[in-house]
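Please look over the structure shown below with this briefing at hand.

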Amino acid sequence: MSALHVSDLVVRYGANRALDGLSLEVESGELRAVIGPNGAGKSTLFATIAGETPASQGRVELDGTDITRWAPHLRVRRGVARAFQVSRIFPSLTVRENVLAAQLCAQGGSRVCWRTVLGAEHARSEAALAELGLAHLAARRGETLSQGDRKRLEIAMALQLEARLLLLDEPTAGMSPRETAQTVALIRSLWERTRITILLTEHDMSVVFSLAQRITVMQRGRVLCTGAPEEVRGRHDVREIYLGRG
Amino acid sequence: MRARALATLALAAAIVAALLLPRLASGAQLFFWETVLVQMLYALSVNLLIGHAGIPSFGQAAFFGVGAYAVGLASALVPPPLLLLAAMLLAALLALAVGAVALRTHGIAFAMVTLAVGQALYTASLHIPALGGDNGLAGIDRGSLFAIGLGGAAAFWYLCAACVGLGILALWTVHASPFGNLLRALRDDPLRTRFLGIDVRAYRLGAFVVAGAFGGLAGGLFAYANQIVTPDALAWVRSGDPIIMALIGGMSTFWGPMLGAFVYVWVTHAFSELTPAWILYVGIVFLFFVIVLPKGLLSLLSVRRQRSGS
């Protein structure tokens, strides 16, 4: 069964069509990468799936439910979690508090958010911090973290939401080669353990080809092709528009 | 632990001072302290919006004025505690209606919508005969409570202090609640808060209604204290005053606006007795705080604490 089904999606900005009748199907438990040159519409696609940008036309379905007109917070409650290209965490809170805040928000907003935290919740947040290699930073304030650690913290927060679909927008942007390798290993181990459906965009092709089960190539707001990494790598048209000749 | 002991001590001192003040102070001095208390409550309510929820409202005088006029219109008919509750409810309903529309905008556009609502009510108050026009409504009856007349300075002082005390307690409860924490979260990063599954607009509307209700209570007490309400209660300057108070004391803290309200009322009182150009000097004092102490007077305490800790 498909976890995400996008059909004939159009997003207009004035006369421009950022998405121009795009259709996409992502299987449950799949790790899919979306690539394409700048301006292909990747960020608009993510923003539309998350509910940040309204669709001018078309449908977005999550596990068979039409969520096209749903507000972002309702999509989150339905299981859509998002990590941003420029990571968004609460800078004045500690790493531990950021994870706890996400965990408690997922349980019902203000009724429980930042109430007295239960032992089980502490244990769960500590386990998440350990899994993401953030345990030694638990008491540090978010604003003092490196870009790589911020991204990992954001993924930890997204995972607290018990998401069914995780949208990762450029998860290794701004990272050093060492941080990139760590993050790739982290995403792979998370995916192998949880089998959560992941949709990611990434400019670093080594990250894309080492992580993705399947790759969707976008061009001018449409899907050019979808296939296994070797298949996409071998396509002449993809090499021409995106990877370069040769 | 030490902070809790200090807070308990400060609370006990405040209660003792409130009980003793009518025995020690003249009528004029009591009126000064009533003004301080009312402005403290008003500044706290506005700071819940601007300082904690990050909602830049420039029209809080609308709710302050509605509370004041509610008391002005019905003081002869309804006893004070009930009328103050009604003033709060009326202001809250107005805030709900205004907020439901205004919160569809953001930033400066939102500030302008709230300013426009405040100015519309101010203009209406000048032209509605039942509100007394320019002259407003004079001779507000303070009535009585449990057969005790509230016309005397001491009796009204106790009512005013009790209402403000309960108001501060209620606003502190909101501040320290999960709701208050969420307001600060969405001030820091509304997008991240939304993508944790939180309905940002609903929480902002909640903050707007709470701030409106307590603005209405402050307005109602203001009308009782002055025994007159004029369109000045709805004027745009009245929306700016609590923002200045919060800035002077410190917007990022709960207690800062209370300290700022005391300083502001004291400075305006002192300068207005010295010179007709007192507004100029109040402006200079305000500039001093914005430039030298942008985080307010209470930031001095945290700097001192950090120094003694290092």
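Two strands are said to pair if DSSP finds at least two bridges between them, and the strands themselves (E, at least two residues), like the helices (H or I, at least four), are DSSP runs numbered from the N terminus. This is a predicted model, in which local features need pLDDT of at least 70 and side-chain atom pairs count only at pLDDT 80 or more, while totals for chains, interfaces and linings use all residues. Residues are numbered from 1 along each chain as its sequence is written, chains are lettered from A and ligands numbered from 1 in the order in which they are written, and side-chain values use heavy atoms, with hydrogens and water left out.

- Chain A is divided into domain 1 (2–87 + 163–243) and domain 2 (90–144), with bounds that come from an automatic or database domain assignment.
- The centres of domain 1 of chain A and domain 2 of chain A, taken over C-alpha atoms, are separated by 27 Å.
- In chain A, an open sheet is formed by four strands in the order S2-S1-S4-S5, with antiparallel pairing; its edge strands, each pairing on one side only, are S2 (16–27) and S5 (65–66) of chain A.
- Strand S4 (residues 57–62) of chain A is joined to S5(A) by two bridges and the two run antiparallel, and A:Leu62 has A:Thr65 as its bridge partner in S5(A).

- Strand S8 (residues 197–201) of chain A is mostly covered, since five of its five residues are buried, where buried means under 20% relative accessible area, exposed over 50% and partly exposed in between (1.4 Å probe, protein chains only).
- In a regular strand the side chains alternate between the two faces of the sheet.
- In S8(A) both faces are covered, with A:Thr197, A:Leu199 and A:Thr201 buried on one side and A:Ile198 and A:Leu200 buried on the other.
- S8(A) pairs in the parallel sense with strand S3 (residues 31–35) of chain A over four bridges, and A:Leu200 in S8(A) stands opposite A:Ala33.
- Strand S7 (residues 165–169) of chain A also runs parallel to S8(A), joined to it by five bridges, and here A:Leu200 is the bridge partner of A:Leu168.
- From S7(A) the chain crosses through helix H6 (residues 177–194) of chain A to S8(A) in a right-handed β-α-β crossover, a term used if, with the strands pointing away from the viewer, the path from the first strand over the helix to the second runs clockwise.

**Residues with positive phi**

- A:Asp8, although not a glycine, has a positive phi of about 50°; A:Asp8 lies in strand S1 (residues 2–13) of chain A and counts as partly exposed at 39% relative accessibility.
- A:Arg220, also a residue other than glycine, has a positive phi near 50°; A:Arg220 is in the loop between strand S9 (214–219) and strand S10 (222–227) of chain A and is exposed, with a relative accessible area of 67%.

**Cavities and a pocket**

- On a 1 Å grid over the protein atoms alone, a cavity is a set of points where a 1.4 Å probe fits but cannot get out, and a pocket is an open set with protein on both sides within 12 Å along at least five of seven lines; lining residues have an atom within 4 Å of a point.
- Grid points are joined across faces, edges and corners, and a volume is the space filled by probe spheres set on the points.
- The structure holds two cavities of 30 Å³ or more, and the largest cavity has a volume of about 50 Å³.
- The lining of the largest cavity includes B:Leu44, B:Asn47, B:His175 and B:Phe254, and H2(B) gives the most to it, with four residues.
- The second largest cavity, of about 30 Å³, has among its lining residues A:Leu168, A:Lys151 and A:Glu154; H5(A) gives the most to this lining, with three residues.
- The second largest pocket has a volume of about 840 Å³, and of the 28 residues that line it, the closest to its centre are B:Arg238, B:Asp241, B:Tyr264, B:Thr268 and B:Trp278.
- H10(B) gives the most to the lining of the second largest pocket, with nine residues.
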